[in-house]
Amino acid sequence: KYITDLARSLSIFSFGFIATYLTTELAKNVVGRLRPHFYTACQPRLSDGSSCESAYQQLVGGGVYVEHYYCANRNLSARQLRELHVSFPSAHSSLSFYAMLLLCFYLHAVWRGRGTTRVLRHILQFLLLLLACYIALSRVRDYWHHWSDVLCGSVLGFAMALITARYITKEFKTPQSCLRVQLPRQDTCTTLNEIVPTPPPYTVGLGVDDSVPSLHRESNGGSTRSFSNDQYCTKV
């Protein structure tokens, strides 16, 4: 059973992880935003060999958007050149927030307890989110992403974790047994073969020989049996 539950949990986590990764890669290739260290790594040059910092460009074409250029840094491989054009969104941010947030949801669902145990659960959840924030912010510190790339990647990871926890897996949902209202049980002296109706107060003690005519039980033969006050109180 434990191996089956572990395999199911890993498959659900892998599904959301792959979906987050594919969504991030699709956005990277469609947007094609340059990384912050693009100019330092590529050292772009125009077709005539001039750069954006040259005096000629500042006088003639300053502030003009350039589409045709080449990288003067010949030490870059084709893969490194491609990596310079996929800044938005941050894959490290989206994947780290997805993994840590989904783990926080899992701990919240399976870790039951009160007092100190509950506090430890919240502390662990906070540390997981803090780790995700550190990974995301380190990409800005290392000049690999803009702050907006990290923000959008974090939001993407948060959304994918929420969708996976809410709609993909059933372990994080509230069991139906917890939603049932437990009504208090009420004791009764009646059975399927005996019906004792509650008489009005004025009928008690009005029968013959201190009996109550309104309290009766139908027998198999259709005869009627009366109960006395003591018998009625005993039944109640």
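**Fold and aromatic rings of a predicted model**

Read along the sequence, the protein runs α-α-β-α-β-α-α-α-α-α-β-β-α. That pattern is made of nine helices and four strands. The model is a predicted one.

The protein has 236 residues, and 29% of them count as buried. Its accessible surface comes to about 17000 Å², with 61% of this belonging to carbon and sulfur atoms. Contacts also show how the chain is folded together. Among those between residues at least 6 apart in sequence, 69% join residues at least 24 apart.

Next come the aromatic rings. A pair of such rings is described by the distance of the centres and the angle of the planes. The structure holds five aromatic pairs. In one of them, the ring centres of Phe 38 and Tyr 69 are 6.0 Å apart and the planes stand at 85 degrees; planes over 60 degrees apart count as edge-to-face, so this pair is edge-to-face. The two residues are 31 apart in the chain, and the pair links distant parts of it. Phe 38 belongs to helix H2 (residues 38-42), while Tyr 69 is in the loop between helix H3 (55-59) and strand E2 (70-71).

Are these two partners buried or exposed? Phe 38 has a relative accessibility of 3%, and buried means under 20%, so Phe 38 counts as buried. Tyr 69 has 33%, which lies between 20% and 50%, so Tyr 69 counts as partly exposed.

Elsewhere, Phe 13, Phe 17 and Tyr 98 are linked by ring pairs into a cluster. A ring can also have a charge over its face. Arg 166 lies over the face of Tyr 167, at 5.3 Å from the ring centre.

Technical notes: Residues are numbered from 1 along each chain as its sequence is written. This is a predicted model: local features need pLDDT of at least 70, side-chain atom pairs count only at pLDDT 80 or more; totals for chains, interfaces and linings use all residues. Side-chain values use heavy atoms; hydrogens and water are left out. Rings of Phe, Tyr and Trp (its six-membered ring) pair if their centres lie within 6.5 Å; planes under 30 degrees apart count as stacked, over 60 as edge-to-face and the rest as tilted. Buried means under 20% relative accessible area, exposed over 50%, partly exposed in between (1.4 Å probe, protein chains only). A charge sits over a ring if NZ of Lys or CZ of Arg is within 6 Å of the ring centre and within 35 degrees of the ring normal. Contact means heavy atoms within 4.5 Å. Accessible areas come from the Shrake-Rupley method with a 1.4 Å probe; for residues, only the protein chains shown count as cover.
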